[in-house]
Amino acid sequence: MKVDKMPLPPAQTELRATEVGLTSAAEQHRAYVQADLLIIPLIVMLFMGIFSFHFALLVGDWDYWVDWRDRRWWPLVTPLALTVLPGVFGYLLWEKLRLPLGASLTILCLTLAAWISRYLNFHLFADFPMNFVWPSTYIGLGLIIDCLLLLTRSFFWTGLFGGFAFGLLVYPLNWPLLAPFQVPVELHGTMLTVADLMGYEYIRTAIPEYVRIIEESTLRTFGEAVTPLTAVFAGFLNIMNYWFWLWIGYLGSKAIWIRKIV
Amino acid sequence: MRTLKTLLVVWLGLTALLLSHVPAAFAHGERAQMPQLRMRAVHWIDVQVSTAKLGVNDIVKISGKFMPSEYWPHHVNSIEDTAYLNIGVPGPSFVRLDSRVNGVPMIRSTSFRRGELYDFEIVLKARRPGRYHVHTVINVEGTGPIIGPGTWVEVTGDPAAFENTATTLLGQTIDLENYGFGNVKWWSALWFAMGLAWFVYWLTKCPIAIPRFKRASELGPDADQMITPMDRRMGGIFLALTLTLIAGGYVYAQEKWPITTPLQTGKIDVPPLEQPTSPVSVRLIEARYRIPGRSFRLELEVSNKGDSPVNVGEFAAGNLRFINARILNVQPRDEHDLVAPDALRVEGAPVAPGETRRVVLYADDAMWETERMTTMIASPDAVVAGLLFFFDGRGRRYMVEFGGPMIPDFGMVKT
């Protein structure tokens, strides 16, 4: 790195060159930009990778197949699993950089990775039609969390309102994408949805019909209000869930565990 | 640097070598399944495939019978709980138009009774050109797929010509290959653009990583000073836009698709076929598998209450078929059809009407080894089962299941 922009006495030149690498504001700015150019793509790839693995392990088939997204389990399991990285990295990015990007950026990265994976793995390699394996959209949920954090500047209020909305809105956010697949059809005297029909026709040897968890639960008191009931329940659970993962982010930022190891 | 380049070239070379020798995976793991499960789960009988060569959009039917074994292993979940008739093909190279057991559509899961006989038929429509090993499969909850015999089927033609339509209960005819995807793409792109716009807004403040870290560290509890009024305005705008889009999207979908139903599931009941009473009964006296000779020896007590002498024409176990060439002429349909046309030797038969006598069978073939059935000695209960097909003088066939303990013969003790 050049050091000859700021004139120094000849006797001090060699010493300063080893002590300070950056000697002008312009050079410092350029170095910071170069650091961003290195760090930001790495962070994006890191989020894409870890969120894909995490989501595949905890949500998996619920997001892979259109005939898995039922009214009870999908809107409950998804926000609980989806909140982990927004919570942890949301805390780190806010606390260390004052950037309200943790939720939206991690979910944006997950979405990008999911579309790449569905297109390459599920569609081109395994030959499933894309309308059977499209990923759900969750970016709106990340935006709610980040915007609320920015506006309230409080993890408490973000958790209370944002965490609740995060659980509550999974189903309505995806309904414009999902609704056409829940139109009824008949097959051999059995009523199905279009999604069920696709699940039956597009053969999955290792995913028999009974593996899906469809509407399995109690709490039938509210009759047809299955979706709102699940959404509200998911919302309440997710408040605690979001705070918990923020706390994990806090522990991570303290790096106590590293000190214990080292 | 030179060492690094050399290492890179070697690594690339090895990778290319490995990739060029990767064999195509055609099987469905049937050999990997433990032999006891294959022998004692489901017996597949008279499985037929209507054609071995067809074009895209053409129909192939797979039909036959199956019988859940009376000797179903106790250490795995039973087929009498939850099961599903499936098909084993590499991905959706076909679409399944119909599947029935005893005439009942098998869209949903069901259960099958042990020892009972079931007729099945699966109708497939060819979707992608290729050569596929098509297997019947019964998935059993908690146990896994029980794979039936496989047949090679070749599909030719243009994949772009494939058609798969359905008519909804609202009267709309839809193309299942792309129905609803335009809508999915539009909404997904919109949300992605929203998320990206939010990210780009913060990127406009670049450099952000180091300067913001330093500034936040300096300010400590007052780091909120880093948030500008413009940031807060943008936060408000994005929040309002997000909530409006979610609400608007929901209302739009309710308007456009007012009639929807929840995903459908459930179990369906299938009554078994009525079976005529067999005049032949079998008791297993001893089963020994001689590992060095790949020879299975069965000592049986056979009773014939019929009116004609009976002889054993076939012994079937774990999808392997050993044929007594003196009684039957069965040839493999293709190179992977697990039929040994002359591998069953029978001593002590035929059994005359009204007679009960000891019959010894020898099923000797390399298939025991090549299909990895020899690992039956590693079973947790060392019990085997199979089907015997008896034929009388008038060509009538009687099917009897037998089962019992098996003793391995390691060839170490001279007998």
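**Interface of domains 1 and 3 in chain B**

Three salt bridges are found by the rule across the interface of domain 1 of chain B and domain 3 of chain B, a salt bridge being a side-chain nitrogen of Lys or Arg within 4 Å of a carboxyl oxygen of Asp or Glu. The model is predicted, and local features need pLDDT of at least 70, while side-chain atom pairs count only at pLDDT 80 or more. Residues are numbered from 1 along each chain as its sequence is written.

Layout
- Chain B is divided into domain 1 (28-170), domain 2 (177-256) and domain 3 (280-409), with bounds from an automatic or database domain assignment.
- The centres of domain 1 of chain B and domain 3 of chain B, taken over C-alpha atoms, are 25 Å apart.

Contact and buried area
- In domain 1 of chain B, 29 residues are in contact with 32 residues of domain 3 of chain B (heavy atoms within 4.5 Å).
- About 2500 Å² is buried between domain 1 of chain B and domain 3 of chain B, and carbon and sulfur atoms give 52% of this area; buried area is the accessible area (1.4 Å probe) that two parts lose on being put together, summed over both.
- Of the area that domain 1 of chain B buries against domain 3 of chain B, B:Arg31, B:Met39 and B:Tyr71 supply 27%, more than any other three residues.

Side chains
- A salt bridge joins the side chains of B:Glu335 and B:Arg131 (3.2 Å, N to O).
- The side of domain 1 of chain B that touches domain 3 of chain B has 14 nonpolar, nine polar and six charged residues; Ala, Val, Leu, Ile, Met, Phe, Trp, Tyr, Cys and Pro count as nonpolar, Asp, Glu, Lys and Arg as charged, and the others, Gly among them, as polar.

Technical notes: Chains lettered and ligands numbered in written order. Heavy atoms only, no water.
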